[in-house]
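Here's a quick briefing to read alongside the model. Have the sequence and the structure open as you go.

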Amino acid sequence: IARSEALSSRRCANVWVEDRKRLLGSDTTGTVIPNKYVACEIAGLRCAVLPQQGLTNTEVQSVTDAPSMYVRYSQEELDEIAAAGTFIITQDAESGATFIRHQLTTETSGGSLYYEDSVGVNLDNISFLVKDALQGYIGKKNVTGQTLNEIKNDITTILVDSSKTDVSASYGPALNGYENLLVAVHPTLKDRITIYAKLLMPLPLNNIDVTLEGDVDLSL
């Protein structure tokens, strides 16, 4: 908890699992795997999926046995550790899969747009798309009405495409939409163009609340 609170950044995940082991070669008792290797696997997983895809409940392969996570710690204690911004790898029972409990960054004070790892990655990816699109204008165009229209069209294309769902993406598009796109000349610095858009970021589905009520069929 102390380490997660000290880091406190949406760009930093504190990956933690206690008593983590894996059978290696002819080993029959399990070799302790340093947390840094587990964190490396998480980094690899993050790079392997699309930016808007969450990692919660994803199974990890670097650890096959983590008994302390279900013997030593209660669900309430794990909730407390996670609430501080800890990216927990856990196991629910012996021989069960080890998996990501919740894809959390260490920034807990800004709400879900900050503590959900995939949201920050998704926003960064769209920012890079915009940056790449604008790179061809600087030093090569003058500030004119035509330039403003061209830039607005490029930004619109990126945001509209990001709001569409790829046929293979069951988890949905990178954006739920966008609002208030503005491309304008800076009011004071006339060699500068300012761009603003509010991006409607999709949140990962982490919980489903179900209520099933049983009753007697009195008509029988």
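Which residues of helix α4 (residues 75-83) are buried? They are Leu78, Ile81 and Ala82, where buried means under 20% relative accessible area, exposed means over 50% and partly exposed is in between (1.4 Å probe, protein chains only). Seen down the axis of α4, these residues fall within an arc of 100 degrees, so they line one face of the helix; the arc is that of the directions from the helix axis to the C-beta atoms.

Before going on, a word on the ground rules. This is a predicted model, with local features needing pLDDT of at least 70 and side-chain atom pairs counting only at pLDDT 80 or more, while totals for chains, interfaces and linings use all residues. Residues are numbered from 1 along each chain as its sequence is written, and side-chain values use heavy atoms, with hydrogens and water left out.

- Helices (H or I, at least four residues) and strands (E, at least two) are DSSP runs, numbered from the N terminus.
- On the face of α4 turned away from the buried side you'll find the exposed residues Glu76, Glu80 and Ala83.
- The buried residues of α4 pack against β1, α3 (68-71) and β4, with contact taken as heavy atoms within 4.5 Å.
- Leu78 sits in helix α4 and counts as buried because its relative accessibility is 0%.
- Setting aside neighbours within four places in sequence, Leu78 is in contact with Trp16, Met69, Tyr73, Ile88, Thr90 and Arg101.
- Leu78 and Asn153 are 75 residues apart along the chain, and their C-alpha atoms are separated by 47 Å.
- After α4 comes Gly85, which has a positive phi, near 100 degrees.

**Helix α2**

- Helix α2 (residues 35-48) has 14 residues, which at 1.5 Å a residue should span 20 Å; its end C-alpha atoms are 20 Å apart, so the two agree. The expected span is 1.5 Å times one less than the number of residues.
- Asn35, Val38, Glu41, Ile42 and Arg46 are the buried residues in α2. They cover an arc of only 140 degrees around the axis, so they sit on the same side of α2.
- As a reminder, an α-helix has 3.6 residues a turn, so residues three or four places apart point the same way.
- Exposed residues Lys36, Cys40, Cys47 and Ala48 are carried on the face of α2 turned away from its buried side.
- The packing partners of the buried α2 residues are β1 (14-16), β4 (86-91), β5 (98-100) and α6 (117-134).

**Salt bridges**

- There are six salt bridges in the structure, each being a side-chain nitrogen of Lys or Arg within 4 Å of a carboxyl oxygen of Asp or Glu.
- Glu18 pairs with Arg72 in one of them, with the closest N and O atoms 2.7 Å apart. Glu18 lies in the loop between β1 and β2 (21-22) and Arg72 in the loop between α3 and α4, so this pair ties together parts that are 54 residues apart in sequence.
- Glu18 counts as buried at 18% relative accessibility, whereas Arg72 is exposed, at 55%.
- Arg101 and Asp79 meet through their side chains in a salt bridge (2.8 Å, N to O). Arg101 is in the loop between β5 and α5 (112-115) and Asp79 is in helix α4, so the pair ties together parts 22 residues apart in sequence.
- Arg101 counts as buried at 18% relative accessibility, and Asp79 as partly exposed at 43%.
- Glu150 and Lys141 form a salt bridge (3.1 Å, N to O). Glu150 is partly exposed, with a relative accessible area of 22%, and Lys141 is partly exposed at 41%.

**Asp92**

- Asp92 is in the loop between β4 and β5 and counts as exposed, because its relative accessibility is 53%.
- Not counting residues up to four places away in sequence, Asp92 touches Tyr70, Gln75, Ala97 and Phe99.
- Asp92 and His186 are 94 residues apart in sequence and 56 Å apart in space, C-alpha to C-alpha.
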